[in-house]
Amino acid sequence: MSASKSNSDKKIVYQEFGNDNSAAIERPIQELPPQQQNLRIQATRTGRKGKTVTVITGFQAKPETLADLVKQLKTQCGTGGTVKDNTIEIQGEHKQKILEIVTKLGYKAKLSGG
């Protein structure tokens with residue numbers, strides 16, 4: 001027997017759920033049409049070293065849809081942004097502008113916070 005073993009020689013001592021059925025465990029994301037989604041738009045500085053970020057929450061959409069939307073918002077606001085955990089973060093305070101953009105796209109949105 002050689003000193004190095006190949007991957008096929010490895011024995012699994014314990015595995016909880018068979019052979020990596022991670023796709024079977026994931027829950028499908030139900031994508032609602034924009035008219036049925038209630039979004040909240042709020043500007044916050046919490047945990048961002050004093051930098052203001054506009055956060056949009058309440059999405060029930062696939063990651064691809066959110067990626068397209070964040071790209072459009074970043075372009076129209078002229079700033080950076082990202083998608084994190086089904087929320088969109090846009091750098092700077094753009095509450096009013098984002099409210100106008102998402103309502104034109106058919107989403108129901110409200111300003112939240114002070």
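Reader: Hi! How many helices and strands are there in the protein?
Author: Hi! This is a predicted model, and the protein in it has three helices and five strands.

Reader: And in what order do the elements run from the N terminus on?
Author: Starting at the N terminus, the order is α-β-β-α-β-β-α-β.

Reader: Okay. How much of the protein counts as buried?
Author: The protein has 114 residues, and 25% of them count as buried.

Reader: Let's go inside, then. Which residues of the largest nonpolar core touch the most other members?
Author: That core has 18 residues, and the ones touching the most other members are Ile56, Phe59, Leu73, Ile88, Ile98 and Val102. Two or more core residues come from each of β1 (38–44), α2 (63–77), β4 (87–91) and α3 (95–104). The largest share, five residues, is given by α2.

Reader: Pick one for me: what is Ile56 in contact with?
Author: If you leave aside neighbours within four places in sequence, Ile56 is in contact with Leu39, Arg40, Ile41, Leu73, Thr87, Ile88 and Ile98.

Reader: What about contacts across the protein, how many join residues at least 24 apart?
Author: Counting contacts between residues at least 6 apart in sequence, 51% join residues at least 24 apart.

Reader: Back to α2. How many residues has it, and how far does it reach?
Author: α2 has 15 residues and spans 21 Å from its first C-alpha to its last, close to the 21 Å expected at 1.5 Å a residue.

Reader: Which of the α2 residues are buried?
Author: Leu66, Leu69, Val70, Leu73 and Cys77 are buried in α2. They lie on the same side of the helix, because they cover an arc of only 100 degrees around its axis.

Reader: What covers the buried residues of α2?
Author: The cover includes β2 (53–57), β3 (81–84), β4 and α3.

Reader: Where can I find a positive phi in a residue other than glycine?
Author: Asn86 is one, with phi near 60 degrees. Asp85 also has a positive phi, of about 50 degrees, although it is not a glycine. Asp85 lies in the loop between β3 and β4, and Asn86 is found in that loop between β3 and β4 as well.

Reader: Are those two buried or exposed?
Author: Asp85 counts as exposed because its relative accessibility is 77%, over the 50% cut-off. Asn86 has 30% relative accessibility, so it counts as partly exposed.

Reader: New topic: how many aromatic pairs does the structure hold?
Author: It holds one. Phe59 and Tyr107 form this edge-to-face pair, at 6.0 Å centre to centre with 80 degrees between the planes.

Reader: Where in the chain do they sit?
Author: The pair links distant parts of the chain, 48 residues apart. Phe59 is in the loop between β2 and α2, while Tyr107 is in the loop between α3 and β5 (108–111).

Reader: Why does Phe59 count as buried?
Author: Because its relative accessibility is 5%, which is under the 20% cut-off. Tyr107, at 9% relative accessibility, counts as buried too.

Methods
Residues are numbered from 1 along each chain as its sequence is written. This is a predicted model: local features need pLDDT of at least 70, side-chain atom pairs count only at pLDDT 80 or more; totals for chains, interfaces and linings use all residues. Side-chain values use heavy atoms; hydrogens and water are left out. A nonpolar core is a set of buried Ala, Val, Leu, Ile, Met, Phe, Trp, Tyr and Cys residues joined through side-chain atoms within 4.5 Å. Buried means under 20% relative accessible area, exposed over 50%, partly exposed in between (1.4 Å probe, protein chains only). Helices (H or I, at least four residues) and strands (E, at least two) are DSSP runs, numbered from the N terminus. Contact means heavy atoms within 4.5 Å. The expected span of a helix is 1.5 Å times one less than its number of residues. The arc is that of the directions from the helix axis to the C-beta atoms. Rings of Phe, Tyr and Trp (its six-membered ring) pair if their centres lie within 6.5 Å; planes under 30 degrees apart count as stacked, over 60 as edge-to-face and the rest as tilted.
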